[in-house]
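I open this notebook to record what I looked up in one structure. The entries follow in the order in which I made them.

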Amino acid sequence: MGLKVTNKNNKARVGVVLSSGGARGVYAHTGFMQAVDELNIEVSAIAGCSAGALVGGLYASGTDMQQWSDTIAHIHSRDYWAPDSWLKFFWRMVIKKGRGYTGISSAETAIEFIRRQLKVQTFEECKIPFHSLAMNITRGTKTLFGKGELASRIMASAAIPILYRPIKIEGDLYSDGATIELAPTDAVCCKHNLDVLIVHHVAAHHNKESSLDYVLTQPWSLLNILYRQLYNERPWYLTTRAVSETYCQCNCGARVIVLQPNLAELTWPFGSKGVALQKSAMNIGLGLLRERIPSWIKTKNKKRDLSQELGV
């Protein structure tokens, strides 16, 4: 039986942020949230971007992680992706010269897939407060969804450019949140009075020019080049270490614990490779979290007083 971190008055309020990361992120975050369940950590709020929005939204809705694990162990691309025919693609891209063509597939198949996995269908019904990050391409700004229908707003956060056409919500078009921010740390920390914020960061970071040669030998090289551009800059909270600690930038004093597990790359077809990566993420998560739970319980009232440090 795992240690328990509850949100009672004498215990730490813990939030979780799940980064983007493509298919690799889906398996990795699933394994990590299984570790959270294994240790009986009570999550007070959760936020996610792209792959993190999918797993985080399912978790917040009450979806059983083992059930979800079984689903992705046997998933097929037709379950979430319905690409245009070659004829339509050729017509739109060559004859029409790409005018008005915004993606290879609509998102409806993916949205329906997400709906089937959710336990509830709206943010307001979630058992845990949840936020998803998407890029509002109509206005050129980021949007943190926290109310309304879940499936479409989760997919808006995960609609990878080129692969999916943008999602239209209340008149605006939305696309993958990773195009503007890899993990929405500002979505939960201060809004939900957290003591500890755990960031599970699995978005790839390419920092060697030589790795481009490898990218060009892989399927979907065009997308991999896009990912290199998206993940070129490190977020403010990230270091070169597997585990690091800092504090919320909003001066609320909450501890931000960043976990960046060393996980294998994931290429299509996923199959057993995805399952193995998920198991690895779970085991790494268990080890890293077990080390820190006691300090959360003991330091509930030791949040960093930034105003005092700055003499405000």
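**Entry 1**

Met93 lies in helix α4 (residues 86–95) and counts as partly exposed, at 37% relative accessibility. I use buried for under 20% relative accessible area, exposed for over 50%, and partly exposed for in between (1.4 Å probe, protein chains only).

**Entry 2: basis of the model**

I note that the model is predicted: local features need pLDDT of at least 70 and side-chain atom pairs count only at pLDDT 80 or more, while totals for chains, interfaces and linings use all residues. Residues are numbered from 1 along each chain as its sequence is written, and side-chain values use heavy atoms, with hydrogens and water left out.

**Entry 3: helix α5**

I counted 10 helices and 11 strands in the protein; these are DSSP runs (helices H or I, at least four residues; strands E, at least two), numbered from the N terminus. In helix α5 (residues 108–117), the buried residues are Ala110, Ile111, Phe113, Ile114 and Gln117. They fall within an arc of 160 degrees seen down the axis of α5, so they line one face of the helix. The arc is taken from the directions from the helix axis to the C-beta atoms.

**Entry 4: salt bridges**

I searched the whole structure and found 9 salt bridges, each a side-chain nitrogen of Lys or Arg within 4 Å of a carboxyl oxygen of Asp or Glu. In one of them Arg165 pairs with Asp84, with the closest N and O atoms 3.1 Å apart. This pair links distant parts of the chain, 81 residues apart: Arg165 is in the loop between β6 and β7 (167–169), and Asp84 is in the loop between α3 and α4. Arg165 is partly exposed, at 21% relative accessible area, whereas Asp84 counts as buried at 15%.

I then looked up Asp172, which forms a salt bridge with Arg139, the closest N and O atoms being 2.5 Å apart. Asp172 is buried at 9% relative accessibility, while Arg139 is exposed, with a relative accessible area of 59%.
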